[in-house]
Amino acid sequence: MDITPGETEEIVKQDSPRIKRLKERLLTAPYEICLERAKHFTKVYKETEGMNSALRNALALKATLENQPVHIYEDEWIVGNKTDKFLSPVIAPERGDSLRELELDLDILSQKQKPFHMSPQDKKMFLEEIIPYWEGKSVRDRKAEYWLKSGIIEPVRGNPIRTVRQIADIVKFAKHTDPASLKLIAGIREGQKSDPKRALLAWKIRDEVSKNNPNMAVYCYDVQGHLHLGVDKVVNEGFEGIAERAKKRLAQLDRGDSDFQEKEAFLKSVIISMEAACTYAERTRKLAEEMAEKAKDPQEVERLRGIAKSLSHAPARGARNFREAVQSTWFALLIGEIQYGMHDVLGIGR
């Protein structure tokens, strides 16, 4: 049966009750900050000082996937969560940008136009454990140190004459900008009073921004650009299949090669990562089985058992049908983003 564009549009408009509930939950969910990944990566990096960087990253991913809570939310058929919170970014302390942004905003998270929620315990851990360890060690810190030493950027702070000139520029800017625009720039909500902390924050941000924008033409965020993962390999072979190929290549390595240690560390990190991905999927499968045992509604039992059945095969092994292929694709992307430490930079390609 042929469907015209007009009929297609009408079908899209007629969302099922399930899709409507999913959309409503997503659009009304509170913004939260999850430190699960940051916590596990920090712990593992502390314990593996001096180890090959690929292995350190793989072991940190393993710790995260073995310990970060898994969830299956209502109405979901394709499952898997990047963080312990329903709606939260992935925080990557080793990169440094999100670390600095969170540090700057920590005192005013709840005052933003779209407030972020973060527990007092997580704030304490962030300030006392995560920030101190990564000070000077992140990609951002090392980049900034190089730029300062090479003269690409000038220090924003520490020069009294420069500081006075900058304050004068800020005052001049504020004088010629209407109050409503200033509040918008500062992120102050309607009816909310200004906070002295925001002025201090704005001052600190100028220093931080210089670490990303050395001049008018260059913007350098601490990621490697938009990437396409080998999702087709996960769909066709599964995580176990990729791990098996890595094991075979590992066994074939020539110890006499000058770069043997680098190759060995890389292949071992692949195996660790793939096995950790299988663990994460298996933990989610067990959760589906447990939830199905407790569920009363027959449709809910069917949904949860369907999830468990799908996860019993894929993404550990190659997908056998469309549903398993979609589930494998999603696991490849979400685990990729947990490992990569940034969101919205991984695509599935063609």
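Pro315 is located in the loop that connects helix 13 (298-311) with helix 14, helices (H or I, at least four residues) and strands (E, at least two) being DSSP runs numbered from the N terminus. The structure is a predicted model, in which local features need pLDDT of at least 70, side-chain atom pairs count only at pLDDT 80 or more, and totals for chains, interfaces and linings use all residues. Residues are numbered from 1 along each chain as its sequence is written, and side-chain values use heavy atoms, with hydrogens and water left out. Pro315 is joined to Ala314 by a cis peptide bond, with omega at about 15°.

Most residues other than glycine have a negative phi, and most peptide bonds are trans. Asp75 is placed in the loop between helix 4 and helix 5 (97-105). Its relative accessibility is 8%, and Asp75 therefore counts as buried, the term denoting under 20% relative accessible area, against over 50% for exposed and partly exposed in between (1.4 Å probe, protein chains only).

The chain as a whole contains 14 helices and four strands. Of its 350 residues, 41% are buried. The exposed surface comes to about 20800 Å², with 55% of it supplied by carbon and sulfur atoms; accessible areas come from the Shrake-Rupley method with a 1.4 Å probe, and for residues only the protein chains shown count as cover. Among contacts in the chain with a separation of 6 or more, 71% are between residues 24 or more positions apart, a contact being defined by heavy atoms within 4.5 Å.

Leu109 provides an example from a loop, namely the one between helix 5 and strand 2 (116-117). Leu109 counts as buried because its relative accessibility is 5%. With residues up to four places away in sequence not counted, Leu109 touches Ile33, Leu102, Pro115, Phe116 and Met118.

With a relative accessible area of 3%, Thr42 is buried. Apart from neighbours within four places in sequence, the contacts of Thr42 are Pro93, Glu129, Ile130, Tyr133 and Trp134. Tyr45 is also buried, its relative accessible area being 10%. With neighbours within four places in sequence again left aside, Tyr45 is in contact with Ser53, Arg56, Asn57, Ala60, Tyr133 and Trp134. The C-alpha atoms of Tyr45 and Asn57 lie 8.0 Å apart, with a sequence separation of 12 residues.

Aromatic residues were examined next. A pair of aromatic rings is described by the distance of the centres and the angle of the planes. Rings of Phe, Tyr and Trp (its six-membered ring) pair if their centres lie within 6.5 Å, with planes under 30 degrees apart counted as stacked, over 60 as edge-to-face and the rest as tilted. Six aromatic pairs are found in a search of the whole structure. One of them joins Tyr133 and Trp134, whose ring centres are 5.0 Å apart and whose planes are at 85°, so the pair is edge-to-face. Both Tyr133 and Trp134 are buried. A further edge-to-face pair is formed by Tyr280 and Phe331, at 6.4 Å centre to centre and 80° between the planes. Because Tyr280 lies in helix 12 and Phe331 in helix 14, this pair ties together parts that are 51 residues apart in sequence. Tyr280 is buried at 0% relative accessibility, and Phe331 is buried with a relative accessible area of 0%. Tyr133 and Trp134 also belong to one aromatic cluster with Phe41 and Tyr45.

Rolling a probe the size of a water molecule over the atoms shows where empty space is left. On a 1 Å grid over the protein atoms alone, a pocket is an open set of points where a 1.4 Å probe fits, with protein on both sides within 12 Å along at least five of seven lines, and lining residues have an atom within 4 Å of a point. The largest pocket holds about 1300 Å³ of space, where grid points are joined across faces, edges and corners and a volume is the space filled by probe spheres set on the points. Its lining consists of 40 residues, and Asn57, Phe266, Ser269, Ser273 and Gln339 are those nearest the centre. Two or more lining residues each come from helix 4 (53-67), helix 6 (120-134), helix 7 (139-150), helix 11 (231-252), helix 12 (260-294) and helix 14 (322-340). The lining comprises 22 nonpolar, nine polar and nine charged residues, with Ala, Val, Leu, Ile, Met, Phe, Trp, Tyr, Cys and Pro counted as nonpolar, Asp, Glu, Lys and Arg as charged, and the others, Gly among them, as polar.
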